Amino acid sequence: MYIHSIMSKLNDKKEKLEQKIGECLGLEIAAQKAVQELSSKGLLDKRGMLSKLKNMQKEAGNHQSKLEQIVQKLSGSLDSATINEAAQETELKATEMMNTYLGDDPDSSEAIEFLCLAEGGEVTHYEVLAALAKKVKFNSKQLPNTISSILKQEQRHLKLCIKLAKEAAAY
Ligand SMILES: [Fe+2]
């Protein structure tokens, strides 16, 4: 009974971790698509904004590959089906949120403010993922290390978007 309850708690933690990795992955994919879509609508080309956001988009692509690589590497311990399912669901939700937020006729300020929300969501999810990864012990430090390096970059993404949102509003 006791061992059973320890085992089910461990599985529960592992499943939460998988779910959260999937959510982070989905947010990274959605973030790249958001920059793509908003820039194709001409909403991100004020005052050198686009090159900074294209760089952010590239970094989101790197985060996506880093997460995918680590999931591959830990495929003995992590269930990739759970992760992929969470990623797809999150990507879909993020896209729906963007459409709802922007409405029919968005301007540049609304576009960049949506990116603030998206980056804020990423920071939150990686903070939680970092906390979960500490609770599930793996033999390698690679997962927590990868998460904390991505988290630092996400904090910079959020700062950048806030700065650009202020500039767009004051322009
Ligand atoms: Fe980001």
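Predicted model: local features only at pLDDT ≥ 70, side-chain atom pairs only at ≥ 80, totals over all residues.
**Cores, helices and an iron site**

The largest nonpolar core has 22 residues, and those with the most contacts inside it are Leu17, Ile21, Leu78, Tyr126, Leu129, Phe138 and Leu143. Helices H1, H2, H3, H4 and H5 each give two or more residues to this core, and the largest share, five residues, comes from H4. Setting aside residues up to four places away in sequence, Leu129 touches Leu17, Lys20, Ile21, Cys24 and Ile147. Beyond this group lies a second, separate core of 20 residues, which includes Leu43, Leu44, Met49 and Cys116.

The protein chain has an average pLDDT of 93, with 97% of the residues scoring at least 70. Confidence is highest in helix H3 (residues 80–102), at a mean of 97, and lowest in helix H1 (residues 2–40), at 89.

Helix H1 also holds Ser39. Is Ser39 buried or exposed? Its relative accessible area is 17%, and because buried means under 20%, Ser39 counts as buried. Apart from its neighbours within four places in sequence, Ser39 is in contact with Leu44, Leu50 and Lys54.

Helix H2 (residues 49–73) contains 25 residues. From its first C-alpha to its last, H2 reaches 36 Å, close to the 36 Å expected at 1.5 Å a residue. The buried residues of H2 include Met49, Leu53, Met56, Ala60, Leu67, Ile70 and Val71, but also Gln57, Glu59, His63 and Gln64.

Which residues hold the iron ion? The iron ion is coordinated by Glu119, Glu122 and Glu154, each through OE, and by His157 through ND1, at 2.1 to 2.4 Å. Along the sequence, these donor residues follow the spacing E-x2-E-x31-E-x2-H. Distant parts of the chain are linked here: Glu119 belongs to helix H4 (residues 108–135) and Glu154 to helix H5 (residues 142–170), 35 residues apart. Both of these residues are buried, Glu119 with a relative accessible area of 2% and Glu154 with 0%.

What is the geometry of the iron site? The angles among the four donor atoms run from 69 to 165°, and the site is irregular. For comparison, ideal angles at a metal are 109.5 degrees for four tetrahedral donors.

Methods. Residues numbered from 1 in each chain as written. Heavy atoms only, no water. pLDDT = per-residue confidence, 0-100. Helix = DSSP H or I, 4+ residues; strand = E, 2+ residues; numbered from the N terminus. Buried < 20%, exposed > 50% of the residue type's maximum accessible area, 1.4 Å probe, protein only. Contact = heavy atoms within 4.5 Å. Expected span 1.5 Å × (residues − 1). Donors = N, O, S within 2.8 Å, 3.2 Å for Na, K, Ca; no water. Tetrahedral: all angles 85-135°; square planar, octahedral: opposite > 155°, others 65-115°. Core = buried A, V, L, I, M, F, W, Y, C linked by side-chain atoms within 4.5 Å.
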